[in-house]
Amino acid sequence: MRFRWWRATVLAAVGVLALVYLAGLTRFGEAEADQLRPVPELEADPADELAALRAAAPVPGADPEAALEAALADPLTASQLAAAAPDPDSGELGAALAQLQAADGSLDPVEVNAFFTDLGAEPTAWLSVLYPTLIGDLPGAPFDARVTANRLVLEAATEDSTTYDSPERPWTVDAERPARAELAALIDTDRQFIYLDPYNNAGDGSWIEIVGDLHTADDVAVLVPGGSAVLSSENFELYYQRAKSFVDAADGELAVVVWAAASWPSGWVEESWASWSQVAAESLASFTFDLQNQIGADTPLTLAGHSYGGAVIGYAETHDLAADQILHIASAGMGNDVYSPEDYTEPCRTRYSITAPGDPISYVQGMPYVPLLGHGADPDDFPGVQNLATGNLSDAPGAVDDYGLSLAERGISGKPVEGVHSHSEIFYPESDAWNNILKVLLHEAPDLAEEQPQAYERCG
């Protein structure tokens with residue numbers, strides 16, 4: 001009887017693992033199946049059609065700015081606008097917008113941006129108010145328009161979270177439902193979202209946020225968070241604060257884009273599966289071309305990933321990518337099945353890595369290859385990578401951690417960045433590790449660790 005019990009248990013466990021493995025294969029297959037679609041072109045001047053769309057919209061205003069403020073002042077109007085979709089039978093513009101929406105992101109973002117450039121700044125601004133869900137979620141749409149659109153998406157989602165999805169019940173007629181806390185906290189702030197989906201990740205949300213000013217920054221970086229990067233997690237606010245610490249220190253020279261625009265794993269089991277990072281990596285690679293196009297080809301672009309985010313940026317390098325340098329921050333690996341620079345589309349791209357001694361991430365770095373498991377080579381041993389020194393935490397009297405808590409009061413002022421907590425300590429402002437990350441983001445020469453990987457001979 002005992003043998004049968006154990007046999008049933010083992011068979012059940014094997015069956016569960018097989019299903020999870022097949023789910024990973026399916027997730028990866030969905031990404032591989034996506035094909036780019038053509039971006040529509042407008043033959044006629046859309047002014048009259050746009051005027052008709054404005055007249056039919058549930059919001060007053062002689063200009064898009066006034067219409068936006070009116071909609072933000074009335075959450076129900078914001079909800080109506082967020083629910084609006086272009087009518088393909090309303091005219092050439094409506095048909096083109098419906099086609100963009102139906103493509104579901106399977107478009108070249110550079111070509112999409114050209115569509116809106118040809119359309120003009122004011123019509124685009126109007127569309128961000130009239131169809132915020134479309135514009136706010138459309139790769140290639142101008143970032144300023146997407147920020148505007150996502151203000152309305154945020155307002156609408158916050159309002160909608162106070163209602164019940166089901167028909168009224170006796171116990172819901174007079175009941176008040178509080179707004180989603182993580183959304184309500186963002187209302188009337190100056191946060192800049194160029195993608196905001198409150199419903200992705202099983203309702204926990206996903207996002208892309210600009211920290212700083214992309215228009216004036218001399219350097220731009222994309223920061224990909226670690227696991228549990230969802231709106232409902234503390235990581236949402238934490239990575240904003242981490243990005244802001246670098247932007248504030250750079251005094252206008254740097255802008256950081258926090259990118260978490262994919263389905264995101266949570267916990268060591270999910271984070272060990274490569275399929276999550278593979279799907280995210282394809283979207284990230286496409287986004288870098290959108291970003292580079294909108295900030296200008298002459299603006300240096302760094303792609304940085306922390307922990308699981310390192311696996312995402314690593315696998316993104318197996319695709320075509322618009323970034324001049326890569327930074328792995330306590331990274332899980334160089335990407336599934338990546339064990340040589342030859343596995344990347346650009347083997348000689350500049351790469352940095354920083355992992356503190358004793359960081360538990362070292363237990364998963366460089367795991368042997370298993371299909372759809374693990375995240376490839378150890379970044380700190382990868383040929384051609386330059387390892388950054390981690391040094392010590394700041395011993396300044398006002399030094400704080402990345403939650404704003406005093407290092408002196410915590411009893412860790414000036415200590416070496418090492419051990420279990422070093423996975424986060426490398427982000428503590430003014431630490432040696434933090435300073436080295438900032439130097440890389442500003443394309444300055446960082447302090448290197450004593451031990452370095454072998455050079456990659458092909459790159460000199």
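In which helix is Ile135 found? Select helix H8, residues 132-136, and you have the helix that holds Ile135. Helices here are DSSP runs of H or I with at least four residues, strands are runs of E with at least two, and both are numbered from the N terminus.

Before going further, a word on what is on screen: this is a predicted model, where local features need pLDDT of at least 70, side-chain atom pairs count only at pLDDT 80 or more, and totals for chains, interfaces and linings use all residues. Residues are numbered from 1 along each chain as its sequence is written, and side-chain values use heavy atoms, with hydrogens and water left out.

**Stop 1: around Ile135**

Ile135 is buried, with a relative accessible area of 1%. (Buried means under 20% relative accessible area, exposed means over 50%, and partly exposed is in between, using a 1.4 Å probe and protein chains only.) Now show what Ile135 touches, not counting residues up to four places away in sequence: Phe116, Leu127, Ser128, Ala141, Ala145, Arg146 and Ala149. A contact means heavy atoms within 4.5 Å.

**Stop 2: zoom out**

Show the whole chain as a cartoon. Its secondary structure comes to 18 helices and 8 strands. Along its principal axes, the C-alpha trace spans about 70 × 65 × 50 Å. A compact globule of 460 residues would have a radius of gyration near 23 Å, and the chain's 24 Å agrees with that. (That radius is taken over C-alpha atoms, and the globule rule is 2.2 Å times the number of residues to the power 0.38.) Of the 460 residues, 50% count as buried. Among contacts between residues at least 6 apart in sequence, 73% join residues at least 24 apart.

**Stop 3: helix H14**

Select 274-295. This is H14, whose 22 residues reach 31 Å from the first C-alpha to the last, close to the 32 Å expected at 1.5 Å a residue. (The expected span is 1.5 Å times one less than the number of residues.) Just after H14 comes Gly296, with a positive phi of about 105 degrees.

**Stop 4: the cavity**

How many cavities of 30 Å³ or more does a search of the whole structure find? The search finds 1, and about 60 Å³ of space lies in the largest cavity. On a 1 Å grid over the protein atoms alone, a cavity is a set of points where a 1.4 Å probe fits but cannot get out, and lining residues have an atom within 4 Å of a point. Grid points are joined across faces, edges and corners, and the volume is the space filled by probe spheres set on the points.

Select the lining: Ala221, Val222, Leu223, Ala243, Phe246, Val256, Ala304, Ile329, Ile437 and Leu441. Strand E3 (219-224), helix H12 (234-250) and helix H18 (432-441) each give two or more residues to it, and E3 gives the most, with 3. Color by residue type and you get 10 nonpolar, no polar and no charged. (Ala, Val, Leu, Ile, Met, Phe, Trp, Tyr, Cys and Pro count as nonpolar, Asp, Glu, Lys and Arg as charged, and the others, Gly among them, as polar.)

**Stop 5: Val258**

Val258 sits in strand E4 and is buried, at 1% relative accessible area.

**Stop 6: helix H18 and beyond**

H18 is mostly covered, with 7 of its 10 residues buried: Ala433, Trp434, Asn436, Ile437, Leu438, Val440 and Leu441. These pack against E3, H12 and strands E4 (254-260), E5 (301-306), E6 (325-329) and E7 (350-354).

Move on to His443, in the segment after H18. Most residues other than glycine have a negative phi. His443 has a positive phi of about 60 degrees although it is not a glycine, and at 31% relative accessibility it counts as partly exposed.

In that segment you will also find Gln454, which is exposed at 58%. Beyond its neighbours within four places in sequence, Gln454 is in contact with Pro383 and Gly384.

**Last stop: Asp188**

Pick the loop between helix H10 (181-184) and strand E1 (192-197) to find Asp188. Asp188 is not a glycine but has a positive phi of about 65 degrees, and it is exposed, with a relative accessible area of 79%.

Definitions and conventions:
On a 1 Å grid over the protein atoms alone, a cavity is a set of points where a 1.4 Å probe fits but cannot get out, and a pocket is an open set with protein on both sides within 12 Å along at least five of seven lines; lining residues have an atom within 4 Å of a point.
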